Amino acid sequence: MIPSHKLATNQSPVRVLGIDLGTTTSAVVEGIWDSSVGGPGPLRALEIPQPTPEGTFLDVFLPSVVAIANGKVWVGEGAKRLGARMAEWGLIKNQSFFAETKNEIGLRRTYPKAPEGFRSPTEIAAWILKTLLNAARTPDAPEAARVVVTVPASFQVHQRAETRRAAELAGLTVQGGDLLDEPIAAFLDYLLTYGEAKAWQLEEEQNLVVFDFGGGTCDVAVLTVAVGDGQLQASTRAVSRYHRLGGGDLDAAIVFEVLLPQICRNHPEANELLDYFTKKGYAEPALRGVAEALKISLCEEVDRLRALGAPLTRDTSVTLAIRHTFQVPGSPTLFSLHQPQLSLGEWEKLLGPFVERDLPMVVENEYRTVASIFCPVEDALGRAGLSREQVDLCLLAGGSSLIPQVRDALRAYFPRATFLRFPTAEATRLAVARGAAWHALALAQFGRGIVKQRAHEELALRTDNGLFPLVPAGASLPYPSTGHLRREGLLVPQTSLTEPLPLRVEVVRLRGGQQEFVHGGVWNLPPPVTAGTPLLVEYRLDENQVLNLTLRFSEAAEAPGYSCQVENPLTHVTNPSAERLELEEVEEQIRSGDAKGKEPSQLFERMADLAWKLGQKDKAFSTLSRLIRQKPTVSRLNSLAILAEEMGKITFAEKCHREALRLNPYSTTSRFNLALLLYHQQRYQEAQETLSPALMPVAEVPFWVLAAIIAKALGDTALFQQYLDRALERKGTVWVMTEWELGWLEQAAHLRGQWELVGTIQEVRRQRLRSAQPQAPAGYLPRLKDDWLA
């Protein structure tokens, strides 16, 4: 695979480094090419000195954690240990303690309360990289000729740019090709270290799934791979990155479902002292290490017993011979765990949703993600256009792929695939860094990498009479290999003498004869413009799958035209939901103090609302509670009461509703909400007495429907029919009703059997859904020249 038969450009020994800048753990691997012995020697993972309060810790793995305490910067194991005692050391998350910040790199996230040099994920990454590089710089070792840093395959342009900037802040010069996608790196290491004898099997294209389940992410990449001319030819077809699904979520499951309940049993006061903020900020960091140790120990025990052929039962368990303690700010209580234990029954119950295959779902709350590994697997396969039976190879990478039940589930899912596994846990965890080192050796020695990215599908521009090809299927990336392609063949489609002519620019990819939309935009051609005027297209698809495209008039090639940058036009990448992105943006505004003209209380209210919509109820509850302590309002009390009822806090919910009514006895909304709660509690008479003062002639539909079902529960049929009539009188305004009103009107229609009205309500919803979908840009598509059609 490394073309040692070709002339090397360096005759003296060449030293390189491969760095895995991981979400939870990082590593650096050294490679040396010595032409005098005919090629590369064995790769070596470097031990990293990591100061801790107990002394220097040496290990090949560096926890991706940074802390500032006692006037000192701690990176790695020392920072991780301090994180387990945050209250004791006075640490505050994203102010003096930073973990899993890689997920936030390139996403405009800042840490405004942190000291200078620690105020962005990029700067935190630089501290981690600096620690790795310092471990590699020893007096007797030559300077590295090349350093390759890995990134998730789903990283976009700005995320890759920020990774390069982090490297530069660490004193590392990043050259072209020095960022390598993690799935490619893992496969390279397997192929070069353990699979060269099987390389002949890749003379023909194979469909490869790299399942990289690490501590903080679950990356699933679908590639088409083959070996030719001494290089691995790879086409990345789809990437699905669930960056909030990783081994850390399994640890969190143990924390919140096993360890915290045990603490609450031992310390009844914990139920009052531990709200969302103290659980997330102090209890979880304190217990994560315990949870991880239990998880690893139990998985190793399962593998050991399986190897021996010994029976496994739900009572099979592991126990840590420790007494673990922690505190939270403002409380003298020392919470403790004595000899924490995890049984196989508890573990498999927690693990069940993560390996659910029949109904894979993602359920997020403010504490952790509960998601099936088959969510990203099926998402990536679907985007790649492959069935599970078409997968030839499946490589397991990342520490969490060592979980026996995960391996079992994947083997059952891919019936035809050959499974590729690293021989040891350490090899599995080092695979990405080792792959980076192999790649760096090839770059340093031969001026080209081992991997050659290819376009597996064709890219084209749509016109009104055909397709204008941009990148052919099978082309090596970058395309072209140097510079940009400048081509003619497109014409202005219409004449416009006085008004700008909107020219629609649409990039599509071709799959199985079908066109799939990739990018759309409009170039408003300045008047006067004549049909048939030639256009010039200039473009390049680089090795990171970024398409830079410009469209201009051929006779004015230097004049401004239409320009766009399209990321991953050939790779299907999963993106977060709009609500999650908005929540992250609001949280960033709160952290940075950049409220963009809004009052801080408005931002907190919006944060609570978004958290609630995303199922993060504890977070929303704690945020609303704090707002009410600052300034109680009817609106906040009503929201907190409804949320409390959803969470089963019925007594508290009723208390909030009554407090809202006390603040404003004329609030019909408060009366409605309290009446609804009382109805749900089957306190029908109280519900009717509460709602009656709000039943004015102008009352909205939901008030009359609620009054009707309360009357029905009380056995008053006449009043039930009367109130139902009042609700149905408003059906003429169905098209302007809110979703809240529509839901109650639909209930009234069902109660009266008015199925035509039910159909109308459903049509209103369908039309609203259609109008909310993104529309194709308006304008005229360019025309192809006649000789192109021929």
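## Basis and the helix α19

A residue is called buried when its relative accessible area is under 20%, exposed when that area is over 50%, and partly exposed in between, using a 1.4 Å probe and protein chains only. The structure is a predicted model, in which local features need pLDDT of at least 70 and side-chain atom pairs count only at pLDDT 80 or more, while totals for chains, interfaces and linings use all residues. Residues are numbered from 1 along each chain as its sequence is written, and side-chain values use heavy atoms, with hydrogens and water left out.

Helices and strands are DSSP runs numbered from the N terminus (H or I, at least four residues, for a helix; E, at least two, for a strand). Helix α19, residues 684-691, has A687, Q688, T690 and L691 buried. Viewed down the axis of α19, these buried residues fall within an arc of 165 degrees, taken from the directions from the helix axis to the C-beta atoms, so they line one face of the helix. The buried residues of α19 pack against α18 (668-680), α20 (701-713) and α21 (717-728), where contact means heavy atoms within 4.5 Å.

## Second largest pocket

On a 1 Å grid over the protein atoms alone, a pocket is an open set of points with protein on both sides within 12 Å along at least five of seven lines, whereas a cavity is a set where a 1.4 Å probe fits but cannot get out; lining residues have an atom within 4 Å of a point. Grid points are joined across faces, edges and corners, and a volume is the space filled by probe spheres set on the points.

The second largest pocket holds about 750 Å³ of space. It is lined by 34 residues, of which G177, L179, Q453, E543 and N544 are the closest to its centre. At least two lining residues come from each of α4 (157-169), β12 (179-181), β15 (231-242), α12 (425-446) and β24 (451-453). The lining comprises 12 nonpolar, 13 polar and nine charged residues, with Ala, Val, Leu, Ile, Met, Phe, Trp, Tyr, Cys and Pro counted as nonpolar, Asp, Glu, Lys and Arg as charged, and the others, Gly among them, as polar.

## Cavities and E100

There are six cavities of 30 Å³ or more, and the second largest cavity has a volume of about 60 Å³. Its lining consists of L21, G22, T23, S64, E100, T101, K102, A125 and I128, which by class gives three nonpolar, four polar and two charged residues.

E100, one of these lining residues, is found in the loop between β10 (97-99) and α3 (121-136). Its phi is near 55 degrees, a positive value in a residue other than glycine, and E100 is partly exposed at a relative accessible area of 28%.

## Other backbone features

Most residues other than glycine have a negative phi, and most peptide bonds are trans. Q339, which is not a glycine, has a positive phi of about 50 degrees; it lies in the loop between β18 (335-338) and β19 (341-343).

The peptide bond from Y479 to P480 is cis, with omega near -5 degrees, and P480 belongs to the loop between β26 (466-471) and β27 (485-491). The bond from P527 to P528 is also cis, with omega near -10 degrees, and P528 sits in the loop between β29 (514-525) and β30 (534-541).

## A five-stranded sheet

An open sheet of five strands runs in the order β32-β31-β30-β27-β34 with antiparallel pairing, two strands being paired if DSSP finds at least two bridges between them. β32 (562-567) and β34 (783-784) stand at the edges with a single partner strand each, so one side of each is left without a neighbour in the sheet. β31 (residues 546-553) pairs with β32 in the antiparallel sense over six bridges, and L549 has C564 of β32 as its bridge partner.
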